[in-house]
Each structure stands twice: as C-alpha cells, then as structure tokens.
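Open the model in your viewer and keep the selection panel at hand.

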Amino acid sequence: MLNNLKNRKRDRHEVYTASQLTNYGEVYAVGQYISMSADKARRVIDQIRGRSYEETLMILELMPFRACYPIFKLIYSAAANASHNKGFNKEDLIISKAEVNKGTTRKKLKPRARGRSYLIKRPTCHITIVVQDISYMEDWRRKMQRLSVKDRQALMAVMTTRRLTVPTPENEDEE
C-alpha cells in the first residue's frame, strides 16, 4: 500500500508530511544481495556521488572495476524510475545520495583432501542510489528569492510543522 502512495500522481492541493517534502524531488533504486564486498563497491560509489546522471554513466563505463556494472544498472534503473514515475528529465538528474551497506555472507563448503572441507565466504552488499531533479531545486530557489524576508520566515515556520502543502508555481500565482 505504501508503494502505491509513492508512485501515484499528486494533486497540487494535496497535503504532504515534512518527510515527503524533503523527498519530493528524489527517486531511488535499491540493489540487494549483490555478490561483492561492500568495500569494493564503496570505492566506485565514492567517485560518482554528487555528479550528474550523464557524467556518471560515462565514468562507470570507463572505470576498470567489477563493481561498476551493477552500479551502472542501478543508476540506469533509478533514472528510468524518475522519468517514468515522476516525469523527470534525465538530463536534470544528479546522484544526490549513494550508499553501500554490508549484506549477509554466503557460506559454501569446498571439499578438500582426506574428507575435510574448507569454508568459502562470499560477502554481499546492498546498494542504494538516490537521484534528485535539479530543476525542482532551481524553481524552489527562485520562488524563495522572490519572497520578502517576512514571507520566507513564515514559510519556513510552516515547513517545520507536522503537515504542510507543497508550494508550487501555480499556488503562488493564485495567492
């Protein structure tokens, strides 16, 4: 049920919670149980954090690490989610958050001489990629600059309350 709330189109007069407002321009993709060490994936993730979508794809294609391919697939998936679910333009996306968490360790037994066995440990990791639409942030910044200092303070006070409406350009013109 929570997934349906995230993916549906919202009315401009709909009420949002504070956590929804902070995630308004963000879309994410999660890859779980990827068969590689979290440290090896983190080495690649640190290179792409904060970069644009197109620049990230070029970097990942040219890097020589095995971790690049699953991360490439996740970034491509996050951009597809953004364009399909929220209608964002792929050229306006940046990688706002990228994190790697340690997953479970798969254990296998390798047969050895004299009936013995050695334990083989295969680490896994969970990768989360969050892309953000820059155009939404620029619109917000322009709207805030047009407001007077008193109106900005009032708006920030409203944003700290529990429930609030998202100010859109249409709402601002009506007032």
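**First stop: T124**

Select T124, which is buried: its relative accessible area is 3%, and under 20% counts as buried. The model you are looking at is a predicted one. T124 sits in strand β4.

Now show the side chain of T124 and look for T104. The T124 side chain reaches the backbone oxygen of T104 at a distance of 2.4 Å. Which residues beyond four places in sequence is T124 in contact with? They are Y33, I34, S35, M36, K102, G103, T104 and R106.

**Second stop: the sheet**

Select residues 117-133 to show strand β4, then residues 93-111 for β3. The two strands are paired in the antiparallel sense, over 16 bridges.

In what order do the three strands lie? The order is β2-β4-β3, in an open sheet with antiparallel pairing. From one strand to the next, the twist averages 10°.

Select residues 38-48, helix α3. This helix lies across β3 and β4, and it runs at about 165° to β3. Next take residues 68-86, helix α5. Helix α5 packs on the sheet and touches β2, β3 and β4. The direction of α5 makes about 145° with that of β2.

Most residues other than glycine have a negative phi.

Start with Y33, one of the residues in contact with T124. Y33 belongs to strand β2, and its phi is near 55°, a positive value in a residue other than glycine. Is Y33 buried or exposed? Its relative accessibility is 51%, so Y33 counts as exposed, the cut-off being over 50%.

Finish at R114, in the loop between β3 and β4. The phi of R114 is near 60°, again positive in a residue other than glycine. With 77% relative accessibility, R114 counts as exposed.

How values were computed
Residues are numbered from 1 along each chain as its sequence is written. This is a predicted model: local features need pLDDT of at least 70, side-chain atom pairs count only at pLDDT 80 or more; totals for chains, interfaces and linings use all residues. Side-chain values use heavy atoms; hydrogens and water are left out. Two strands pair if DSSP finds at least two bridges between them. Helices (H or I, at least four residues) and strands (E, at least two) are DSSP runs, numbered from the N terminus. Axes are lines fitted to C-alpha atoms, for helices over the stretch in contact, and angles run from 0 to 180 degrees between N-to-C directions. Contact means heavy atoms within 4.5 Å. Buried means under 20% relative accessible area, exposed over 50%, partly exposed in between (1.4 Å probe, protein chains only). A polar contact is a pair of N or O atoms within 3.5 Å; within protein, one must be able to donate a hydrogen and the other to accept it, and residues adjacent in sequence count only if both atoms are side-chain atoms.
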